[in-house]
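Please look through the structure below.

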Amino acid sequence: MSKLRIVAGVLIIMLIAGLGLPIIALHIYAPGPTKIQHLIFIVQENHSFDNYFGTYPRANGIPSRLAIPIDLNRTSLGSVSPFHIDASQRVMIVGDELPPGISDPSELNPDADKTAPYHLERESIGRDLSHAFEVAHMAWDNGKMDGFVTAEKSAITMGYYDRRDIPNYWDYADNFVLDDNFFSSLMGPSFPNHLYIASGANGPSTLDGKWISQGGVINNPPSDFDWSGVSFSWATLAEELSNGNVSWTWYTGSATPLKPTIWDVLPLFTYFQTHSNELSEHVKNTQNFISDIQNNRLPAVSWIMPGGGWHPPGWPQVCLGESVSEHPPARPDCGMDYVTYLVNHVMQSQYWDSTAFVITWDDYGGFYDHVPPPEVDKFGLGFRVPTLVVSPWAKHGFIDHTVYEFASMLKLAEGNFNLPSLGTRDVKANDMMNSFDFNQAPQPPPS
């Protein structure tokens, strides 16, 4: 499709006067409100802002001389300060999502080693971390942000990475935009946050169980949960895009892309259960993202969800066998290489001048962050997550201090493609436009 966007999907059949010949399939086109014709949301997993960018210059990062108690109830035990983690060492932060040693659901197979978790040799005290709703709130400690070690029962929560470990992410921040006040939508794990990523809401739901509270999803369901019968009635951005005749694709690394998981949530919504053909049409494996670029089929809006079912060709030898998701114990530098591969394919294509990437992480993963989340309602916000805006129209080397959350990505898409609000968190969320300058000369890809 050209840089002009379809804004009306009405089939117009006109009769040319004097000729009697119908002109069929004529659409009305008009320029979009910005220079962005392709929005791409890349969602990785389980890292807090301070864990990835806490030492990035000029960002709202880890305070100097910070130390938090080992145990809030026994302060005599002393405190823990932030420390550097080597990306080559495995960090065991699985918590409530996956068995020990597993970093992606597609790795669950009879031959997988589910018995031997990996820990850092010196920094870890030998306990796994969790990022369940209850644990996150203990870490939050009513906004004091001093309960992380107590809640996780491990000092590894205070570990951070820097340019030595994730250089490409830091290079993106150098050249484009780092959002240092981007919060996850709920103080908890992946599933509720992925509902917010898709729809700006976590309910209302009539489901019951410990992972539901006050009609909203707050935790992941049990790993053996039967998804049949789950039907969420509220709308998603994907549904809104379909109704507005705006092209979209949900790319996923899952080996079973049309089946629901805590990361691939569209099949759980009533609309897609009654329009199953739309799932088949719009939900694809990640490798299709590359072929869609090569075949001039990149949609207006894309989501790219990780999974163990695919990794880039030519991946570094050290990354073979790793998950691309960055979900511990997966190596963050390997996930970074995967994201770079995706971004590079757009940078080297005809789509670069009309594209904006938002690269974010679905939850804090049990890692420390020092900024108390704003309380917008009874469910959120959650802790800050790293977020990068990569685009020729992104401000150069800019740190955006505006408060954003996952609903901000929805609002960005709605504003850019003239779509109505979903009426969820997107109503009050900031739309991320402060990360862009459409009057600047478009930035070329970094050399």
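In helix 9 (residues 287-294), Phe 289, Ile 290, Ser 291, Asp 292 and Ile 293 are buried, that is, under 20% relative accessible area with a 1.4 Å probe, protein chains only. Helices here are DSSP runs of H or I with at least four residues, and strands are runs of E with at least two, numbered from the N terminus. The cover over these buried residues includes strand 3 (38-44), strand 11 (248-252), strand 12 (283-285), strand 13 (301-305) and helix 10. After helix 9 comes Asn 296, with a positive phi near 60 degrees.

This is a predicted model, in which local features need pLDDT of at least 70 and side-chain atom pairs count only at pLDDT 80 or more, while totals for chains, interfaces and linings use all residues. Residues are numbered from 1 along each chain as its sequence is written, and side-chain values use heavy atoms, leaving out hydrogens and water.

Helix 10 (residues 332-347) also packs with helix 4 (residues 167-175), at an angle of about 45 degrees and with the axes 9 Å apart. In contact (heavy atoms within 4.5 Å) are, among them, Tyr 169 and Tyr 172 of helix 4 and Val 339 and Val 343 of helix 10.

There are two cavities of 30 Å³ or more, a cavity being a set of points on a 1 Å grid where a 1.4 Å probe fits but cannot get out. The largest cavity holds about 50 Å³ of space. Its lining includes His 47, Arg 90, Tyr 161 and Pro 332, lining residues having an atom within 4 Å of a point.

Note on methods
Axes fitted to C-alpha atoms, helices over the stretch in contact; angles between N-to-C directions. 1 Å grid on protein atoms, 1.4 Å probe; cavity = no way out; pocket = protein on both sides within 12 Å on 5 of 7 lines; lining within 4 Å. Points joined across faces, edges and corners; volume = space filled by probe spheres on them. Buried < 20%, exposed > 50% of the residue type's maximum accessible area, 1.4 Å probe, protein only.
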